[in-house]
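Good morning, colleagues. Please turn to the structure on the screen.

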Amino acid sequence: MAARRRSCSLKILVLICVFVGSCCGESSDIERDVLASNTHRIDSLNLLLYTFLLILTVLTVWLFKHRRLRFLHETGLAVIYGLIIGAIIRYAGGDVGRQLVHEMVVPEKGSTYNESLPPDFLLLKFPTKNVGNKTYSYTFRGEIKDIEENEIDLKATFDPEIFFNIILPPIIFHAGYSLKRRYFFRNLGAILTYAMLGTTISSFVIGAVMYGAVQLMPSSSSFTFLDLLYFGSIISATDPVTVLAIFNDLHVDVNLYALVFGESVLNDAVAMVLSGAIQNYSKHSGSGTFEFNAFLKAVGNFFSFFSLSLFLGAVMGCITALLTKFTRVRDFPLLESALFLLMSYSTFLMAEAAELTGIVAVLFCGMCQAHYTYNNLSVDSRRRTKKLFELLNFLAENFIFCYIGVSMFTFPKHHFDVGFIVAAFFCAFLGRAANIYPLSFLLNLGRKPKISYNFQHMLFFSGLRGAMAFALAIRNTVSEARQSMLTATSLVVIVTVIIFGGSTMQLLTWFNIPVGVEEEVEMLQYSGVRSVYDSTEQTAPGGALGQSAESRRRASDAAGSSNAEGTKPNEKAWMAKIWADFDVKYMKPFLTHARPTLLDTLPVCCNPLARILTTTEQLTQEPRTPRHRSDSDSDMCLDDSEMGYGNNVGGVESRQPRGVSSIATAENWPQAVRVKLPGPPGAEI
């Protein structure tokens, strides 16, 4: 009996020990659950903060549009709201987040690391009861100057890779997908000159002048020439989203719009590749001084990365076009739109994985998707993709500008060097001037018509800095020099967006640039070139700064009379002419359902292959004339008359009558034409 009692007591004691041990384990799990719950709450608060900023921006933009106010664009509003919220978080945030727990560690003896290349992970070992030593891994975040910062300050900042991998791709893709290719190719020579040669000149001018300036600043001795050359490349990236939005609302001359938009689109890509080439030069040049072999390698990297990225983007766009042409995925518009989106985004990731430039790849992928794939999509997918990328572009751009404002107060790696900031502003304007004015002079030597001085001034003031410059600057902030670059870049972005972007209306008035101009009435008169759309005498609200419909009509008449006097029918980039001819004969029949088919354009010996690459839809559909394209290609292609071999004689443009079926030809002309006239219902002739 006593033995049985002792056995029961022993069992109870064991159960108590197990229960106490389990309670300790459950207690530690509960503490971790509380920590995870608190982290989740802070993350939600952080996302709510930026969502609230975007909601506030949208409502204010609606109010501005409703009241017809244009003195401040939505991106400027986003920056201002971001600055206000950032200041509140920094100075009036209180104890919103928990105070962080810091554990000071020192490196072991013999560990190899340096200030410019710190370790990626820290392994923290500490003893625990009954288990031995445990090891925890901590990821590198960077230098922290304010050790007392709380969790909301850290959560209000994002990993810079988020900007490159998630935020920037839809912005750049939308730029290519929505590009008006007719006016882009018409001004292709000037756009390439400004974007490629001009950006390079601007980068070197800024780098050289900044290097001379920092030599006079004893506090800025940590900068090398390569650092400042890299700064010149990132600050040369322009983002005139504010100016372009106002241009679009006021119907500014389409060629000025094309110059500003086209230069900014390619400028971002060139700045990205150029900054990478400068970084590669620093790798090849061990001493940091000028080495000819390293310079040649950097130049080779620049052209090879740019061309390979361009090729990859174009190939992915063409593959998507072939998939949508030779499959019936269009029968399921949701799947078709999903395929379109995933193929486009995978282009960016493939380029980055191959150590190319994803920005360049996704830009030219967007252009190819718009030029080819768009024509194969179903009606639902066309509308869905256009609206989807327009929405993503709007949200992504405004998010970045909100973040720029917030990060001025919450990002822990800003370094305010007043001398460097002042020099950065001066050099940014100097580099922009070195880009626009000398190259415009050289272009005008062989260009007809000339780029007028008021257009040049507008191009200069359109050089706002934005998302690309900020994203490049925030990517690496380990050293003090890079932190100074980030601060200067952020301030240049804020000032140019708010001040220059907000003064666009006043600049248009000062430079006497007409607004309310329809597409066929252009300030840069291309003799004999007219829009495929009929003229509509509409004026922008508010009188379009004095540009009346009558004055625009006189400008249009002047264009026609100049052609009658014997001026060349068209002035256009010769590259665009060659490409347009090749595109119409071979590329569009191969990648889309367009007519003529490859059976009509390829030699007879290639008919078996041409038949395989020609769909039944191509063979059975009615041929379309350039005047009756209803898809997006109506503003993407250069039609026959625009390339100089159309029917334009004696300054009178031969137009196919509106209302006539597109199948009407010289051999099969309709016996009668019905035209509906305004009047009583049913009145026809």
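Predicted model: local features only at pLDDT ≥ 70, side-chain atom pairs only at ≥ 80, totals over all residues.

How many salt bridges does a search of the whole structure find? The search finds 4.

Let me begin with Glu-263 and Arg-432, which form a salt bridge whose closest N and O atoms are 2.9 Å apart. Glu-263 belongs to helix α9, residues 254-284, and Arg-432 to helix α14, residues 418-446, so this pair ties together parts that are 169 residues apart in sequence. Are these two residues buried or exposed? Both Glu-263 and Arg-432 are buried.

I turn next to Glu-617 and Arg-330, whose side chains meet in a salt bridge at 3.8 Å, N to O. This pair also links distant parts of the chain, 287 residues apart. Glu-617 sits in helix α23, residues 616-620, while Arg-330 is in the loop between α10 (292-326) and α11 (333-353). Glu-617 has a relative accessible area of 31% and is therefore partly exposed. Arg-330, at 23% relative accessibility, also counts as partly exposed.

The last pair on my list is Lys-585 with Asp-581, a salt bridge in which the closest N and O atoms are 3.7 Å apart. Lys-585 is partly exposed, its relative accessible area being 36%, and Asp-581 is partly exposed at 30%.

Thank you for your attention.

Methods
Residues numbered from 1 in each chain as written. Heavy atoms only, no water. Helix = DSSP H or I, 4+ residues; strand = E, 2+ residues; numbered from the N terminus. Buried < 20%, exposed > 50% of the residue type's maximum accessible area, 1.4 Å probe, protein only.
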